[in-house]
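Please read the numbered points with the model in view.

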Amino acid sequence: MQRLCVKDAGAASFPTAGFATTTLPSKARPAMFSGCSVVCSRQKYRVVVGSRCISAGEKSGGVRFVQTQSVSRAETTVVMRAGKEQPQQEPNVLMLDHLNLNHEKGRHDLVKAFYFDILGCAVDPRKAENLALGRKGVWANAGMHQFHLSEGETAQVFDGEVSLAYDSLASVQTRLENPPKVLADSAFHWTRANSSSPSSSTEHDKDDALHVIDPWGTSFRLIEKSTARDRRGRQPGDVSEPCGISDLRVHVPDNTPLDSVARFYSNVLGCVLAEQNSDSVKMYCGSGEQTLTFAYRPFDSKRPIVAHEELTVDQAGRSSNAGMHVSLYVADLPRAYSAAHAMDAVYVNHRFKRQAFTLQQAVEQCMFRVLDVIDPQNPERGVLFKLEHEIRAAVTADGRKYKSCPLDHVPQTPWAPAT
């Protein structure tokens with residue numbers, strides 16, 4: 001059992017064994033150093049060695065920052081030294097708005113049967129005609145969140161898991177037990193957690209979730225969680241049965257340093273760390289009821305590894321990504337753009353009409369894109385993995401709400417004219 005000694009600038013130490021709790025004389029900011037981290041969130045702290053939490057408790061007092069000193073294999077000392085307190089930025093990410101996946105061209109019957117007849121999503125009226133005519137893309141609303149189902153020659157399979165929250169699972173289970181016949185020849189199937197789940201058994205399966213595979217192979221986890229319905233706004237059209245997308249679990253390569261992933265999403269995009277353990281890191285997306293999780297693939301998973309990106313370059317040297325993407329609304333778009341641009345992480349996808357090559361264009365377009373996930377503290381580690389993000393502004397350059405933003409009230413960010 002590793003022993004942790006926490007010292008306050010040479011004062012008395014506080015030994016901690018295992019997951020025991022100790023009180024740090026700390027109002028510390030999140031700080032990462034070699035081998036050990038003190039991760040602070042609201043009024044609590046967690047001490048992490050590697051990616052394993054070994055201590056947790058309440059914050060109090062006035063330590064400024066931490067550094068670590070390895071004493072032996074059995075003991076690590078975290079030394080709290082006096083110093084200038086680092087400013088703490090407010091969370092920037094307001095919500096995870098949508099997941100964009102390609103569906104199979106000409107199979108709107110499968111889209112309707114799964115997303116609307118089974119899951120109970122609401123048809124977004126802005127794309128209702130496409131569903132009726134069986135052409136192009138369709139938007140399926142789940143509470144304040146969406147699935148953007150673009151049309152592709154082949155359907156995409158998301159390497160991860162989508163968690164959808166409901167007030168009750170009774171109705172959706174009834175529909176699962178009597179699915180539309182058109183799903184019979186597809187990859188669609190379902191089971192309850194803790195039975196022979198099509199998803200690999202992980203710690204988050206320890207509930208009464210329903211595990212559902214869509215017609216092309218993407219995994220969904222349906223849970224009861226009425227608090228997941230975000231009351232800050234709504235999408236147009238009818239109210240959906242799902243309360244919302246409560247979590248999006250993205251599989252990352254096994255050698256991915258999770259502390260690096262956490263730094264990218266906190267320091268660059270402005271998420272808040274929810275929790276981290278040996279095989280996953282979870283970030284809050286706005287309300288505290290919605291999270292974005294990055295996890296290693298379960299050892300017993302029999303599902304094929306699928307790249308999140310599908311990159312091509314045309315004869316003019318322009319890059320396009322036909323892969324899936326996630327969309328996040330942020331309060332301060334220039335802040336996120338500047339942080340991403342500083343690491344050369346801004347990406348222009350020529351697949352879409354809206355393209356932002358500069359900060360001014362990003363402000364005018366109310367969006368920019370990021371493809372490469374990079375550790376801002378250790379950029380020499382290179383690209384950790386590729387996942388396209390559409391970073392959207394909740395407000396336009398003149399302070400009005402962006403037309404597609406579902407929030408009723410948006411932050412009024414006094415953006416300076418971009419130069």
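1. Which residues of helix α5 (residues 333–342) are buried? They are L333, P334, A336, Y337 and A340, where buried means under 20% relative accessible area with a 1.4 Å probe, protein chains only. These residues cover an arc of only 160° around the axis, which puts them on the same side of α5; the arc is that of the directions from the helix axis to the C-beta atoms.

2. The model is a predicted one, in which local features need pLDDT of at least 70 and side-chain atom pairs count only at pLDDT 80 or more, while totals for chains, interfaces and linings use all residues. Residues are numbered from 1 along each chain as its sequence is written, and side-chain values use heavy atoms, with hydrogens and water left out.

3. The cover over the buried residues of α5 includes α4 (258–269), β24 (325–330), β25 (346–347), α6 (359–365), β26 (367–374) and β27. Helices (H or I, at least four residues) and strands (E, at least two) are DSSP runs, numbered from the N terminus. At the start of α5, a side-chain oxygen of D332 comes to within 3.1 Å of the backbone nitrogen of R335. Just after α5, D344 has a positive phi of about 55°.

4. Helix α1 (residues 108–118) is largely enclosed by the rest of the structure, because eight of its eleven residues are buried. Those residues are H108, L110, V111, A113, F114, Y115, F116 and I118.

5. A cavity is a set of points on a 1 Å grid over the protein atoms alone where a 1.4 Å probe fits but cannot get out, and lining residues have an atom within 4 Å of a point. Strand β10 gives the most to this lining, with three residues.

6. Of the 23 residues that line the second largest pocket, the closest to its centre are K127, W139, H148, F352 and R392. A pocket is an open set with protein on both sides within 12 Å along at least five of seven lines. Elements giving two or more residues to the pocket lining are β10 (93–104), β12 (138–142), β13 (145–152) and β27 (383–393), and the largest share, three residues, comes from β13.

Conventions
Buried means under 20% relative accessible area, exposed over 50%, partly exposed in between (1.4 Å probe, protein chains only). Contact means heavy atoms within 4.5 Å. A polar contact is a pair of N or O atoms within 3.5 Å; within protein, one must be able to donate a hydrogen and the other to accept it, and residues adjacent in sequence count only if both atoms are side-chain atoms.
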